[in-house]
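I opened my notebook to jot down what I looked up, one spot at a time. Here is the thing I was looking at.

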Amino acid sequence: MMMQAPPGIVPRFPIDKDCSINKRPTTIPRVLDNPEFCGLARQVSDQIRYYRLIVPLNLREPMYNTVKEKLARGEQVIGGTIDSPDPKVYRAMAKAGLDFLWIEMQHSPISYQEAATLIFAGRDLPAIPFIRVPDATEGDIQKATDIGALGIIVPMVDEPEKAEAAVRFAKYPPQGKRSHGGGQYRDLWGNDYRNTANDNTMIIAQIESPTGVDNCEKIAAVPGVDVVFAAANDLASFSGHPQGTLAHEELVARISEATLKAGKQLGGPVEWLKRDHYLFFQMLSASTLIPRGVKDQLESIRSAPVPA
């Protein structure tokens with residue numbers, strides 16, 4: 001009876017489900033004269049060749065950014081913020097049902113080496129890695145994409161030129177001028193990464209100030225920008241208008257109108273989950289969620305009824 005290859009994989013070698021190391025003869029002398037062992041050895045060799053050579057080459061479909069796929073279907077996506085370099089924290093967040101993980105490199109001391117370790121630690125989990133880079137520089141975006149991030153979140157976008165720079169450095173030619181260097185991206189997304197990366201790499205432009213709002217139509221219209229994110233807290237900080245006030249809502253409305261007019265997706269804090277047209281959300285950080293979870297668990301234990 002033949003085992004089935006993984007979905008989408010065309011097997012080149014037979015895989016016998018009974019092929020087990022436990023069937024290996026216990027006697028070594030003249031083992032090559034044993035037809036049963038020789039057949040088993042060939043089967044094991046075929047399986048090794050199959051999994052080492054065939055599966056990695058075909059493991060990924062051309063579109064592997066599930067966040068981009070969900071947004072294209074009009075589905076909401078939520079990302080949890082990672083502000084710790086601990087791979088265990090990253091994996092715990094990735095297992096929690098989030099669509100993507102927002103690795104925070106603007107407001108945390110996480111290094112690119114640490115970010116690379118986090119992304120690789122979560123390579124077998126469904127949450128897609130995004131990085132909020134410190135700025136839209138070639139060095140920052142080159143490193144972020146080379147270590148495997150499929151989303152580049154750009155803070156403080158006040159002018160369309162900054163969004164254009166982010167697209168230029170994140171995309172390979174002819175769409176951009178990303179250098180074709182080394183990195184762990186092939187280990188994550190397959191050997192055909194160079195030909196699929198542009199379609200899978202997303203750019204999220206964060207508008208955080210009145211200047212950005214004044215230029216939001218131009219920012220949203222930049223080719224290659226996928227999401228325009230209304231940064232509620234910073235809009236309040238830079239404008240002096242607290243969240244919930246009419247003046248603050250007017251700023252948000254201008255961003256929303258410009259983004260939808262450009263045919264792009266709207267992003268914001270997860271508290272806006274019920275707002276019309278918003279699909280891309282940032283959730284709280286791991287360092288905030290962990291103590292909340294511990295507190296809730298303690299309250300649950302302490303309030304549990306005493307067994308009779």
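**Ground rules.** I'm working with a predicted model, where local features need pLDDT of at least 70 and side-chain atom pairs count only at pLDDT 80 or more, while totals for chains, interfaces and linings use all residues. Residues are numbered from 1 along each chain as its sequence is written, and side-chain values use heavy atoms, with hydrogens and water left out.

**Entry one: helix 3 and helix 4.** I looked up how helix 3 (residues 87-94) packs on helix 4 (residues 112-121), and found an angle of about 45° with the axes 9 Å apart. Helices here are DSSP runs of H or I, at least four residues, and strands are runs of E, at least two, numbered from the N terminus. Axes are lines fitted to C-alpha atoms, for helices over the stretch in contact, and angles run from 0 to 180 degrees between N-to-C directions. Helix 3 and helix 4 are therefore oblique to each other (under 35 degrees is roughly parallel, over 145 roughly antiparallel, 65 to 115 roughly perpendicular, and the rest oblique). Pro87, Tyr90 and Arg91 in helix 3 meet Thr117, Leu118, Ile119 and Ala121 in helix 4, where contact means heavy atoms within 4.5 Å.

**Entry two: Ser84.** I found Ser84 in the loop between strand 1 (77-82) and helix 3. Is Ser84 buried or exposed? Ser84 counts as buried because its relative accessibility is 19% (buried is under 20% relative accessible area, exposed over 50%, partly exposed in between, with a 1.4 Å probe and protein chains only). Leaving out residues up to four places away in sequence, Ser84 touches Val89, Ile110 and Leu118. I also noted that Ser84 and Ala115 sit 31 residues apart in sequence and 9.4 Å apart in space, C-alpha to C-alpha.

Helix 11 (residues 232-239) and helix 12 (residues 246-261) pack at about 125°, and their axes are 10 Å apart. Helix 11 and helix 12 are therefore oblique to each other. Which residues meet here? Ala232, Leu235, Ala236 and Ser239 in helix 11 meet His248, Leu251, Val252 and Ile255 in helix 12.
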